[in-house]
Structure formats: structure tokens, C-alpha cells
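Okay, thanks for coming, everyone. Let me put the chain up on the screen, and then we'll walk through a few spots together.

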Amino acid sequence: GINAEYGSGINAEYGDKIEAELRKACKTKQPKDERFCWYIGATETSATGMTQVVTKPMSFHKPVEKICGDLYKKDAQICDLKYEKQIDLKTVNIKKLKVKDLRKILEQNGQDCKGCSEKSEFVKKVEAIAREQGRTEL
């Protein structure tokens, strides 16, 4: 196994580094990550402390799907967390996005489209955001 190959001390030290990074990431979390961090015990308000269930397998490069399977046995809700698809404004065809996605982009950029009733109005606002972010062709 990996412990025989690298020595258990090195593996444990690497696992500690991963846990420290995980806790650091959970302090500067996005709202979607907050729930995950809370579930695994990486926040100060967490009721449990399961960070080792995540960090230890990561230290020997266990695939994410297998780690999730182990987490699922402890708390099924963890693996049910869903992340929204990320939309790259530099490459996406804005005109082909759904209004729901256009609204989400506006919200993520601190804007709204009050009074907008046509998709084309949402598209114009999102295209303006894309230009602000450095997109040259629309």
C-alpha cells in the first residue's frame, strides 16, 4: 500500500496539510460550499467533525467518487449537494442561454433587469457584463 511505499509519517503530514487547506478554504467559502463545509465539520459551527473522512483519502489520491461513497454511508445528504453549472461569459453564446441563466448571471454580478419582459432585454444586459469582463466578440 501507499503507507509502505512512502512511510506513514509522510502520509499523515500530507493529510494534515490537506485538512489545514480545507479548513482555510471553508473560512473563505462561497454560500454553496458553506453547507458542505458544515456537513464535514470544517466550520466552527459544525456539529460533527468528519474532516478526516475527506482529507485522509485525499492524501493517498483516492478518487472523489469513492470518497463521496464513504461520506454517503455516514451522511447521505452530503452527496446530494448540487452545484450550479458555471457559465463562462467569455465563450458562451449568450443569445442561446435560458432566461433563468441570464437572470442568474445578472444576480451574480449584482445587477437585475427590473421591467424586462423580453429575453432580448436580458441578453443586452448580460452582453454588457460580458464586455465589462473583457469579451470582445458577441
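Let's start at Q133, which is partly exposed, with a relative accessible area of 36%. For that wording, buried means under 20% relative accessible area, exposed means over 50%, and partly exposed is in between, using a 1.4 Å probe and protein chains only. Before I go on, this is a predicted model, where local features need pLDDT of at least 70, side-chain atom pairs count only at pLDDT 80 or more, and totals for chains, interfaces and linings use all residues. Residues are numbered from 1 along each chain as its sequence is written, and side-chain values use heavy atoms, with hydrogens and water left out.

Back to Q133, which sits in the segment after α7. When I say helix, I mean a DSSP run of H or I with at least four residues; strands are E runs of at least two, and both are numbered from the N terminus. Which residues does Q133 touch, leaving aside those up to four places away in sequence? They are L89, K90 and N109, where contact means heavy atoms within 4.5 Å. Take L89: it is 44 residues from Q133 in sequence, yet the two are 8.0 Å apart in space, C-alpha to C-alpha.

Staying with α7, have a look at E127, which lies in that helix, residues 119-132. Is E127 buried or exposed? It's buried, with a relative accessible area of 12%. Its contacts, again not counting residues up to four places away in sequence, are I94, K95 and L138.

Now zoom out for a second. Of the contacts with a separation of 6 or more, 42% are between residues 24 or more positions apart.

Next, helix packing. Two packed helices are described by the angle between their axes and the distance between the axes. The axes here are lines fitted to C-alpha atoms, for helices over the stretch in contact, and the angles run from 0 to 180 degrees between N-to-C directions.

Helix α6, residues 99-108, packs on α7 at an angle of about 40°, with the axes 10 Å apart. That makes α6 oblique to α7; under 35 degrees would count as roughly parallel, over 145 as roughly antiparallel, 65 to 115 as roughly perpendicular, and the rest is oblique. Who makes the contact? From α6 we have V99, L102, R103, I105 and L106, and from α7 we have K119, F122, V123, K125, V126 and I129. By class, that's eight nonpolar, no polar and three charged residues. Nonpolar here covers Ala, Val, Leu, Ile, Met, Phe, Trp, Tyr, Cys and Pro; charged covers Asp, Glu, Lys and Arg; the others, Gly among them, are polar.

The other pair is α4, residues 51-59, and α5, residues 64-74, which pack at about 160° with their axes 10 Å apart. That makes α4 roughly antiparallel to α5. On the α4 side it's V53, V54, P57 and M58, and they meet I67, L71 and K74 in α5. This contact has six nonpolar, no polar and one charged residues. While we're in α4, the buried residues there are T51, V53, V54, T55, P57 and S59.

Just after α4 comes H61, with a positive phi of about 60°. Most residues other than glycine have a negative phi. H61 is in the loop between α4 and α5, and it's exposed, with a relative accessible area of 58%.

Last stop, the cysteines. How many disulfides are there? Two, taking a disulfide as a pair of cysteine sulfur atoms within 2.5 Å. One is formed by C26 and C37, with their sulfur atoms 1.9 Å apart. This pair links distant parts of the chain, with C26 in helix α2, residues 8-27, and C37 in helix α3, residues 31-40, 11 residues apart. Both C26 and C37 are buried. The torsion about their S-S bond is about -80°, so the disulfide is left-handed.

The other disulfide joins C113 to C116, S to S 1.6 Å. Its torsion is about -60°, so this one is left-handed too. C113 is buried at 10% relative accessible area, and C116 counts as buried at 19%.
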